[in-house]
Amino acid sequence: MGYFPLFVDLKNKKCLIVGGGRIAYRKILALLDFEADITVVAPSVINDIAILKDRIYIQMEEYKEKDLEGAFLTIAATNNSDLNGKIASDCRTRNILVNTVDEIDRCDFLFPAYIKKGNISIGITTSGHSPLMAGYLKKEISENLPDYYEPLIDTLGSCREYVKNTVPEEDKRADIMKELVRIGLENKGCLTETDVQGVILKIVEEGSGK
């Protein structure tokens, strides 16, 4: 079975993690990268989680179904398979996406190995077959990702807004952005205002027959 790669805005959305161990900690760190509103429910938590108390909400008690109220997604990260199964069942009753660690058949979604550099987010999964291989692919891609991609993407984002506001024709906007990407890559991230204005002028004039 394949998993659809869906990028979701988690900012300020409640993400419930049930469990207070190392696996829960790794999930917390991943979600914090994307500004999620994290609640941890567990009778006890490791120190690495405890010291995050100013960034997450920690509820030191056993899981109860009412903990799911308002949750956008839930992660069952306990060492009790029966409890993880109950959490998954409770989530499905409430139409809440759930991930149960190391039990792929109970998961609605998987945590990918991911690379995040500014506005670049790359997710990698082997559909649960080999997390180690996903980690290897992450390392390979990360090491071969040029440093100038991150600032270039920021520049292209600003260019895109400018082009949208100044060029009414959709086909011309697409041609302009393709050319700006080409120039930016060719110049290893350097894309000047002169480049932008020159490309816009050239493509708009070509389209008007001047």
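Which strands does helix H1 (residues 22-32) lie across? The legends below take this up, along with other views of the predicted model. Local features need pLDDT of at least 70 and side-chain atom pairs count only at pLDDT 80 or more, while totals for chains, interfaces and linings use all residues. Residues are numbered from 1 along each chain as its sequence is written, and side-chain values use heavy atoms, with hydrogens and water left out.

**View 1. Helices H1 and H3 on the sheet.** Helix H1 lies across strand S1 (14-18), S2 and strand S4 (73-76), running at about 170° to S1. Helix H3 (residues 81-93) lies across S1, S4 and S5, and runs at about 170° to S5. Contact here means heavy atoms within 4.5 Å. Axes are lines fitted to C-alpha atoms, for helices over the stretch in contact, with angles from 0 to 180 degrees between N-to-C directions. Helices (H or I, at least four residues) and strands (E, at least two) are DSSP runs, numbered from the N terminus.

**View 2. The open sheet.** Here five strands pair in parallel, in the order S3-S2-S1-S4-S5. Strand S3 (57-59) and strand S5 (97-100) are the edge strands, each pairing on one side only. From one strand to the next, the twist averages 15°. Look for S2 (residues 37-41), which pairs with S3 in the parallel sense over three bridges; Val-40 has Ile-58 in S3 as its bridge partner. Two strands pair if DSSP finds at least two bridges between them.

**View 3. The hairpin of S6 and S7.** Strand S6 (residues 113-117) and strand S7 (residues 120-124) run antiparallel and are joined by five bridges. Ala-113 stands opposite Ile-124 in S7. Two residues lie between the strands of this hairpin, where Gly-118 takes a positive phi near 60°.

**View 4. Helices H5 and H6 side by side.** The axes of helix H5 (residues 149-166) and helix H6 (residues 170-186) come within 11 Å and cross at roughly 155°. Residues of H5 including Leu-152, Leu-156 and Val-163 meet residues of H6, among them Ile-176, Met-177 and Leu-180.

**View 5. The two domains.** The domain assignment of the chain gives domain 1 (14-111) and domain 2 (148-207), with bounds from an automatic or database assignment. Their centres, taken over C-alpha atoms, are 43 Å apart.
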